[in-house]
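Please open the structure in your viewer and keep the selection panel at hand, as this tour moves from one selection to the next.

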Amino acid sequence: MNTDEPLSFEGACTCRSVRYRMTTKPLFVHCCHCRWCQRETGSSFALNAMIEADRVELLQGEVEVVNTPSNSGKGQKIARCPRCHIAVWSNYGGAGDALRFVRVGTLDEPDRLPPDIHIFTSSKQPWVLLAPTIPAVAEYYKARDYWPPESLERRAALLAVKPRP
C-alpha cells in the first residue's frame, strides 16, 4: 500500500442505506476459498479485510446482525443492510465482537485492498488462477508467518483487552 494514500476507507451497501468507514488500514486481507465462503457469498471466494471493530464507524443507517453457522462450529454474525440485505462485515465466533471482517467488495474503492493471502485454496474453484506473488495456503496459517509486525502488534493489543470466556 502506498503510504501517501489516505488511511481511511469508506463503503456502503448496494442501496446506500448503510455507510461505514474503516479509520485505518486493516490488519490483513484474506481471500478465502473455503466452501462456506463460497456458499455464503454465492461466489467463488470471499475477500475480507480484518480490522479492529472500534476502527469501523457506522456513518449512516443501522445494520441487522444475522447469526449463521460456520465451519468452526462457533458461528458467524453477519452485519447486513436491513433494506437490501447486502453483507457489509461479519464477526466470527473465534474472534468475538472485537474483530470485524469487512467485505472488501462493499468499499467505494475495493481495488485499494487486494488480498494479502489466499486461504483454503484446497477447495478453490479449479478455474480461479492465483497470482504467484500473493501467498496461498491449502487451509489456514499462523499469523506470525505472514502478517507484518505492525499488524501483529495491533492483534496482540486487541487480544490483551479481549475478555476471556
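**Starting at Tyr-141**

Select Tyr-141 and, setting aside the residues within four places of it in sequence, you will find it in contact with Phe-28, His-30, Met-50, Ile-117, Ile-119, Tyr-146 and Trp-147. Bear in mind throughout that the model is predicted. Tyr-141 belongs to the loop between strand 10 and helix 2, and with a relative accessible area of 10% it is buried, because buried means under 20%. Now show side chains: that of Tyr-141 makes a polar contact of 2.5 Å with the side chain of His-30, and another, of 2.9 Å, with the side chain of Trp-147.

Next, select Ser-123, which is found in the loop between strand 10 (117-119) and helix 2 (143-146). Ser-123 has 13% relative accessibility and counts as buried; beyond its neighbours within four places in sequence, its contacts are His-33, Cys-34, Arg-35 and Gln-38. A polar atom of the Ser-123 side chain lies 3.0 Å from the backbone oxygen of His-33.

Finally, turn to the cysteines. How many disulfides are there? With a disulfide taken as a pair of cysteine sulfur atoms within 2.5 Å, the count is 0. For Cys-81, which is in no disulfide, the nearest cysteine sulfur is that of Cys-13, at 3.6 Å; Cys-81 itself is buried, at 0% relative accessibility. Cys-84 is likewise in no disulfide, the nearest cysteine sulfur being that of Cys-81 at 3.8 Å, and at 24% relative accessibility Cys-84 counts as partly exposed.

Technical notes:
Residues numbered from 1 in each chain as written. Predicted model: local features only at pLDDT ≥ 70, side-chain atom pairs only at ≥ 80, totals over all residues. Heavy atoms only, no water. Helix = DSSP H or I, 4+ residues; strand = E, 2+ residues; numbered from the N terminus. Buried < 20%, exposed > 50% of the residue type's maximum accessible area, 1.4 Å probe, protein only. Polar contact = N/O pair within 3.5 Å; in protein donor to acceptor, adjacent residues only side chain to side chain. Contact = heavy atoms within 4.5 Å.
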